[in-house]
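Please read the following points with the model open beside them.

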Amino acid sequence: MTKAMRIRKDDHVKVTAGKDSGKTGRVLRTDPKRRTVFIEGLNIVKRHERPRSVNQAQRGGEVGGIVEKEGPIHVSNVMLLDPKDNKPTRIGVRRNDAGERERFSKRTGTAID
């Protein structure tokens, strides 16, 4: 069983290691099984893709070629940006007054969700 990731889709994060360290972006999707995240506009990789279907390509479908898209970044190499002051912070999980789980910033103690 894998440990739950505290970074979620649409979070704003800062990359702390790797070729894009220091840059910020929005999380497009997560892969909890591999513990990776895909961040908008960061870790761009080139992939060679072929057309999906001959008939679709003629009618305006997906054409092949070299496509640039976001690659995976390990979750340990990103930090969530604190919504209060836009600085990197660690994330904790606690129960609120209603008894529901909520993520909070360990820097300021404010709720994220």
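**Notes on the model**

1. Arg 107 and Asp 85 form a salt bridge in which the closest N and O atoms are 2.6 Å apart; the term stands for a side-chain nitrogen of Lys or Arg within 4 Å of a carboxyl oxygen of Asp or Glu. Arg 107 lies in the segment after β10 and Asp 85 in the loop between β7 and β8 (88-89), so the pair ties together parts that are 22 residues apart in sequence. Arg 107 is partly exposed, at 42% relative accessible area, and Asp 85 is partly exposed as well, at 32%. Here buried means under 20% relative accessible area, exposed over 50%, and partly exposed in between, with a 1.4 Å probe and protein chains only. Strands (E, at least two residues) and helices (H or I, at least four) are DSSP runs numbered from the N terminus.

2. The basis of these notes is a predicted model, in which local features need pLDDT of at least 70 and side-chain atom pairs count only at pLDDT 80 or more, while totals for chains, interfaces and linings use all residues. Residues are numbered from 1 along each chain as its sequence is written, and side-chain values use heavy atoms, with hydrogens and water left out.

3. How many salt bridges does the rule give? The count comes to 10 salt bridges. One of them joins Glu 40 to Arg 26, with the closest N and O atoms 3.4 Å apart. This pair links distant parts of the chain, 14 residues apart: Glu 40 is in the loop between β3 (36-39) and β4 (44-49), and Arg 26 is in strand β2 (residues 24-31). Glu 40 is partly exposed at 41% relative accessible area, and Arg 26 is partly exposed at 27%.

4. A further salt bridge runs between Lys 23 and Asp 20, whose closest N and O atoms are 3.3 Å apart. Are the two partners buried or exposed? Lys 23 counts as partly exposed, with 41% relative accessibility, whereas Asp 20 counts as buried, with 9%.

5. Two arginines sit over phenylalanine rings. Arg 29 lies over the face of Phe 38, at 3.8 Å from the ring centre. The charged end of Arg 94 is placed over the ring of Phe 104, at 4.4 Å from its centre. The rule asks for NZ of Lys or CZ of Arg within 6 Å of the ring centre and within 35 degrees of the ring normal.

6. Which residues other than glycine have a positive phi? Arg 35 has phi near 60°; this residue lies in the loop between β2 and β3 and is partly exposed at 25% relative accessibility. Asn 86 has a positive phi of about 60°. Asn 86 is found in the loop between β7 and β8 and is exposed, at 57% relative accessible area.

7. The largest pocket holds about 320 Å³ of space. A pocket is an open set of points on a 1 Å grid over the protein atoms alone where a 1.4 Å probe fits, with protein on both sides within 12 Å along at least five of seven lines; lining residues have an atom within 4 Å of a point. The volume is the space filled by probe spheres set on the points, which are joined across faces, edges and corners. Its lining has 15 residues, and Arg 6, Ile 7, Val 75, Val 78 and Ile 91 lie nearest the centre. Strand β7 (residues 78-81) gives the most to this lining, with three residues. By class the lining has eight nonpolar, two polar and five charged residues. Asp, Glu, Lys and Arg count as charged, Ala, Val, Leu, Ile, Met, Phe, Trp, Tyr, Cys and Pro as nonpolar, and the others, Gly among them, as polar.

8. The second largest pocket has about 180 Å³ of space. Residues that line this pocket include Lys 3, Arg 8, Arg 101, Glu 102, Arg 103 and Asp 113. Strand β10 (residues 101-105) supplies the largest share, three residues. The classes here are three nonpolar, no polar and seven charged.
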